[in-house]
Amino acid sequence: MTTPLEELYQEVILDHSRRPRNFGELPDASVVVHGDNPSCGDEIHLGVRFGREGALEEIKFNGQGCAISQASASMMTGKLKGKSRAEATELVRAFQQLVTDGHDDTAVKLGDLRLLEGVRKFPQRVKCAMLAWRAVEQALEQNAGAATVSTEPG
């Protein structure tokens with residue numbers, strides 16, 4: 001028997017994986033990051049355009065992967081669009097904390113992304129959920145150019 005929260009989790013994940021928001025290429029991106037999760041086969045190409053003040057003016061992704069990786073990327077782009085670098089960095093930290101150790105006081109800032117907290121019970125799925133976040137973390141560390149990240153060390 002599933003709880004109402006588990007049902008909501010399933011609905012949100014399926015909705016975002018089937019109809020991802022901010023999906024597509026960003027031709028005028030300041031930074032493009034290619035991310036991969038070799039253990040699952042997930043791939044993401046994340047484009048970020050920074051505004052004059054350094055805010056994430058536009059953010060889009062494309063790629064392929066499991067429902068969790070696609071839903072996490074879709075939800076993340078919606079949450080980060082328009083945020084300052086400092087706000088985005090804090091949300092990255094809060095999400096990582098959420099899916100690895102459970103939520104803390106900052107998790108409330110994540111909104112619907114808190115529904116992904118359950119992936120922490122499945123270590124391989126944490127990598128799926130974190131792929132897009134690792135990519136945006138890399139994008140925040142640079143102002144221009146391209147980069148590659150992986151969920152696997154080395």
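Trainee: Hi! What should I know about this model before I look at it?

Mentor: It is predicted, so to speak of local features we need pLDDT of at least 70, side-chain atom pairs count only at pLDDT 80 or more, and totals for chains, interfaces and linings use all residues. Residues are numbered from 1 along each chain as its sequence is written, and side-chain values use heavy atoms, with hydrogens and water left out.

Trainee: Thanks. What is the strand order in the open sheet?

Mentor: The order is E3-E2-E1-E4, 4 strands with mixed pairing. Strands (E, at least two residues) and helices (H or I, at least four) are DSSP runs numbered from the N terminus, and two strands pair if DSSP finds at least two bridges between them.

Trainee: Which strands stand at the edges?

Mentor: Strand E3 (56-64) and strand E4 (145-150) do; each has a single partner strand, so one side of each is left without a neighbour in the sheet. On average, neighbouring strands are turned by 15 degrees against each other, direction ignored. For such angles, axes are lines fitted to C-alpha atoms, for helices over the stretch in contact, and in general angles run from 0 to 180 degrees between N-to-C directions.

Trainee: And how do E1 and E4 run, parallel or antiparallel?

Mentor: Parallel, with 6 bridges joining strand E1 (residues 31-37) to E4. Glycine 35 has valine 149 in E4 as its bridge partner.

Trainee: How many bridges join E1 to E2?

Mentor: There are 7, and these two strands run antiparallel. Valine 31 stands opposite valine 48 in E2. E1 and E2 form a hairpin with 4 residues between them, where glycine 41 in the turn has a positive phi of about 95 degrees.

Trainee: What about E2 and E3?

Mentor: They run antiparallel too, joined by 8 bridges. Valine 48 stands opposite isoleucine 59 in E3. In this hairpin 5 residues lie between the strands, and glycine 54 takes a positive phi near 90 degrees.

Trainee: Which helix lies across E2 and E3?

Mentor: Helix H2 (residues 67-80) lies across strand E2 (42-50) and E3, and runs at about 170 degrees to E3. Contact here means heavy atoms within 4.5 Å.

Trainee: New topic: how many aromatic pairs are there?

Mentor: The structure holds 2. In one of them, the ring centres of phenylalanine 23 and phenylalanine 61 are 5.2 Å apart and the planes are at 90 degrees, so the pair is edge-to-face. Rings of Phe, Tyr and Trp (its six-membered ring) pair if their centres lie within 6.5 Å; planes under 30 degrees apart count as stacked, over 60 as edge-to-face and the rest as tilted.

Trainee: Where do those two phenylalanines lie?

Mentor: Phenylalanine 23 lies in the loop between H1 and E1 and phenylalanine 61 in strand E3, so the pair ties together parts that are 38 residues apart in sequence.

Trainee: Last one: what volume does the largest pocket have?

Mentor: About 340 Å³. On a 1 Å grid over the protein atoms alone, a pocket is an open set of points with protein on both sides within 12 Å along at least five of seven lines, whereas in a cavity a 1.4 Å probe fits but cannot get out; lining residues have an atom within 4 Å of a point. Grid points are joined across faces, edges and corners, and a volume is the space filled by probe spheres set on the points.

Trainee: Which residues lie nearest the pocket's centre?

Mentor: Of the 14 lining residues, those are Glu6, Tyr9, Leu115, Gly118 and Lys121.
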